[in-house]
Amino acid sequence: MIEVNNLHKGFGGVKVLKGISTTFLPGKTSLIIGESGSGKTVFLKSLIGLHAPEDGTISFDGRINTKFTQKEKQQWRQEIGMVFQGSALFDSQTVEDNVMFPLKMFTAKMHEEMLERVNFVLKRVNLENSNHKLPAELSGGMQKRVAIARAIVMNPKYLFCDEPNSGLDPRTAIVIDQLIQEITDEYQITTVINTHDMNSVMEIGEKIVFLKNGRKAWEGTSQDVFKTDNEAVVDFVYSSNLFKKVREAYLNEKK
Amino acid sequence: MNYLEHTGKYFIMLGRVFKKPQRTKIFYEFFIKEIEDLGLKSLGIIMFISFFIGGVIALQTALNLDNPFIPKSLIGFAAKRSIILEFAPTFCSIILAGKVGSYITSSIGTMRVTEQIDALEVMGINALNQLVLPKVLATVLFYPFLISLGMFLGIFGGWLTGVLSGLFSGTDYIEGIQTDFNPFLLSYAIIKTVIFAFLIATVPSYHGYYVKGGSIAVGKASTQAVVWTTILIVITNYFLTQMLLT
């Protein structure tokens, strides 16, 4: 479980996060949504420790990340899996090497054992027979799947994804969403996804945190999104006519 | 950001670079790759340029020493001195600053803007140590060989020019090379090369690591890296010459 308490962060005098508090549960897919510039990426980067909070705390199963010793921090890092927006695969390494990299760095396993684990996670993300391809030889969706495979290869307790669907066609985006949700459920990972994709909100949003101007403006589930009267959420989520109609249909059905 | 801030940030970066590698085996793999990318792949250009510049130095010296009272062996002597003292260590290092420096900045800069460095840091890896230290060791250990090869080929190019053009004889040239040979000059050249190699690896790494923005920013950083590395090589060369030879 990740507990965020009164998180503040700014850059050069500009406040980006203004006292965010929330909780992310294991086995649940939590989504952070909000307009561009609302502080989503800074929030996510603060969660993974790339930005140190100015004030407030983030605790991982009761352990506050800013109070870690060097050794504890190293241990905590190995419990984290991260899927970056652009996949962030190492260009010069093959798919197999990319996925094997954390194992090589942090385990003392033999090559055969590591290869077995790599093949297992690649199979889990439906990407067999691509071991020796370079990232440049893969489609965007395949790169995302390699990034997910690399993120879960160490059996993480916490999985973070920064806009995992950006640049993907709707069908591939759904496949990636379902894959993340399945993995979250299967391994009881605490998953936090930063997204703009309203399909993801509806499909896999077991918890949704809506940020506006660096503050948490709303939180709930994908079902709550239909019912909410929060104007900011309604404006943001139902900005497309299609979603407006879906919401109207849902509300009419409820009446 | 002012120069003082950059200098401070550069030294802070060095402090993070020179740490014990987290995994020796992976570090060794990276080091071997850097030897290939930064060293072996520069062999061709250094050999080519050294050979022809050595020829031109000998040719220019021969054409300007037309007084019959000056012995022809002086051509070999002057070519040897110019090549060992300045051409091979300084000129070749400036060429390497252009070729290797831009490569280092663009590769690290691209890793920065595509979040590959963030990915390393999220995994708990000291990205500077992982990416920069192998480069520093590869250049510092390999460039003395590269520059020594440049010296040899430059002197050989001078000899071949004389033989082919008929401006001086090979015997006179070899006599000049052997005249007043001072082994310290070789040490001086190697000391300079090691320091220049350090600059060639670290200054472009600094520009690449701290780049902000996208591909245009990476391009600008590469240019800046080459310019600053060249400037630092030239300034360092002046001070080293004064310290070691006067």
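The legends below describe close-up views of a predicted model.

**View 1. An open sheet in chain A.** Six strands of chain A make up an open sheet with mixed pairing. Their order is 6-7-8-3-9-10. At the edges stand strand 6 (80-83) and strand 10 (215-220) of chain A. Each has a single partner strand, so one side of each lacks a neighbour in the sheet. From one strand to the next, the twist averages 20°.

**View 2. Strand 6 of chain A and its pairing with strand 7 of chain A.** Strand 6 of chain A runs parallel to strand 7 (residues 158-162) of chain A. Four bridges join the two. M82(A) has F160(A), in strand 7 of chain A, as its bridge partner.

**View 3. Helices packed on the sheet of chain A.** Helix 1 (residues 40-47) of chain A touches strand 3 (29-34), strand 7, strand 8 (190-194) and strand 9 (207-212) of chain A. The direction of helix 1 makes about 150° with that of strand 8 of chain A. Helix 5 (residues 140-152) of chain A also packs on the sheet. Helix 5 of chain A touches strand 6 and strand 7 of chain A, and its direction makes about 170° with that of strand 6 of chain A.

**View 4. The two domains of chain A.** Domain 1 of chain A spans 1-79 + 156-229, and domain 2 spans 92-155. Their centres, taken over C-alpha atoms, are separated by 24 Å. Domain 1 of chain A brings 13 residues to the contact, and domain 2 of chain A brings ten residues. On the side of domain 1, helix 6 (residues 170-187) of chain A gives the largest share, seven residues. By class, that side of domain 1 of chain A has ten nonpolar, three polar and no charged residues.

**View 5. A helix crossing in chain B.** Helix 2 (residues 24-39) and helix 6 (residues 127-165) of chain B have axes that come within 8 Å and cross at roughly 50°. The two helices of chain B are therefore oblique to each other. The crossing of helix 2 of chain B past helix 6 of chain B is right-handed. Helix 2 of chain B contributes residues including F27(B), F30(B), F31(B) and L38(B). Among those from helix 6 of chain B are P134(B), L137(B), F142(B) and L146(B). The contact residues comprise ten nonpolar, three polar and two charged.

**View 6. Chain B against chain A.** This contact takes 13 residues from chain B and 14 residues from chain A. On the chain B side, helix 5 (residues 116-122) of chain B supplies the largest share, five residues. The side of chain B that touches chain A divides into five nonpolar, four polar and four charged residues.

Terms used. Residues numbered from 1 in each chain as written. Chains lettered and ligands numbered in written order. Predicted model: local features only at pLDDT ≥ 70, side-chain atom pairs only at ≥ 80, totals over all residues. Axes fitted to C-alpha atoms, helices over the stretch in contact; angles between N-to-C directions. Parallel < 35°, antiparallel > 145°, perpendicular 65-115°, else oblique. Left-handed = near helix turned anticlockwise from the far one by under 90°. Contact = placed C-beta atoms within 7 Å. Nonpolar A, V, L, I, M, F, W, Y, C, P; charged D, E, K, R; others polar. Pairing = 2+ DSSP bridges. Domains from an automatic or database assignment.
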